[in-house]
Amino acid sequence: METTNTPFETQVIAIGNQKGGVGKTTNTVHLARALAERGRKVLVWDLDMNSGATKHFGIPTDAFMGTFEVLVGDEEPLNVVVTNKEEGVSLPDNLHLITSRRKLEAIDETLAAKDKFLARSDVLLGPIAALRGRYDYIFLDTAPNATAPTVASYKAADWFVLSAIPDPFAIDGLRDALLDIQAVQRRGNPRLRILGVVLAAVDERTRLARTLADYVTGAFRTGGAGREGEAGAAEGSVRFKTIINRSTVIPTSQKEGRTLFETDPQHKVTEQYRQLAAEVEARIAAARDGVTSSAPAFSSQLPADAVTPELNEVVNG
Ligand SMILES: Nc1ncnc2c1ncn2[C@@H]1O[C@H](COP(=O)(O)OP(=O)(O)O)[C@@H](O)[C@H]1O
Ligand SMILES: [Mg+2]
């Protein structure tokens, strides 16, 4: 694999879509795992009370302190990072995890009771600052609702990766996520940029899959000069060129609490995640090398006619 040197500053990547079941956790876990295979030092931070990422790595959700304790200010993030040094934990050497558990459901009430002047959206700023410099990548896997951890992740991240699957609800979720990102860019986190949109669980034979791909390519067109044809980009679009196919190996590995890199290292979908990781690194390198300024890397604007007639038909039956 490649170098183990830290190639650049820590990149904090939030993965989102306002809907659940659209591949956020699967993409987070496998992208992180693929980057670890490339020799990068990676932290996955599970910010969802459903603990999808924690479970996918085979870690019991009540075994460790984690997100809840950090967000209420009882623990420093470094004290709750889980590594393969813990008994019974099998993570790759350079992949660490902050776990979540059901208790996180109560986070908003707990924060409000603790300090009514505390801004929910700021609760990750201190912890992320404390973790910068220790990892190449920090992935924030969020819940599909606007609870404190989700809102805070938008404010603390450098990049946003959108997840979508061929499902009309996923497309609605993309629109909502995009509006939220634009709001956060205006108020609070002007650094936040969209890194790309991942299309996952795609069965290329279906019409809906093709419609989704066309929609995302069109709606997330790159704006700035010099962005077209950028390494790895679907031409003129923020959509990642690599598409993740639908396959039963994913739910199977998930149930086993392992990633595809452990269960099916040579599978086509595993290879797709390797390619996606390469695209992610190419885009970040391009941004760092000054292809882009402090302006958003992609001026993603949803035009009023973003929903194509064909998509409308799919959505409305
Ligand atoms: N490429 C894929 N092929 C088949 N099933 C998938 C794929 N990606 C995700 N899934 C399944 O879809 C469901 C939702 O995925 P998940 O990543 O948990 O979504 P989210 O985090 O957005 O709620 C899971 O059951 C997962 O196994
Ligand atoms: Mg999830």
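The model is predicted, so to speak of local features a pLDDT of at least 70 is needed and side-chain atom pairs count only at pLDDT 80 or more, while totals for chains, interfaces and linings use all residues. Residues are numbered from 1 along each chain as its sequence is written, with chains lettered from A and ligands numbered from 1 in the order in which they are written.

Start with the sheet: six strands in the order 3-2-4-1-5-6, open, with parallel pairing. Strand 3 (95–98) and strand 6 (193–199) sit at the edges, each pairing on one side only. From one strand to the next, the twist averages 20°. Here strands are DSSP runs of E, at least two residues, and helices are runs of H or I, at least four, both numbered from the N terminus; two strands pair if DSSP finds at least two bridges between them. Strand 2 (residues 42–46) and strand 4 (residues 137–141) share five parallel bridges, and Leu43 has Ile138 of strand 4 as its bridge partner.

| Helix | Lies across | Angle |
|---|---|---|
| Helix 8 (residues 168–186) | strand 1 (11–16), strand 5 (159–164), strand 6 | about 165° to strand 5 |
| Helix 9 (residues 207–219) | strand 5, strand 6 | about 165° to strand 6 |

Now the ligand. Around ligand 1 there are 17 residues, and Lys24, Thr25, Thr26, Ala201 and Pro251 come nearest (near: C-beta atom, placed from the backbone, within 6 Å). Helix 1 (24–37) and helix 10 (249–256) each give this shell at least two residues.

How values were computed: Axes are lines fitted to C-alpha atoms, for helices over the stretch in contact, and angles run from 0 to 180 degrees between N-to-C directions. Two residues are in contact if their C-beta atoms, placed from the backbone, lie within 7 Å.
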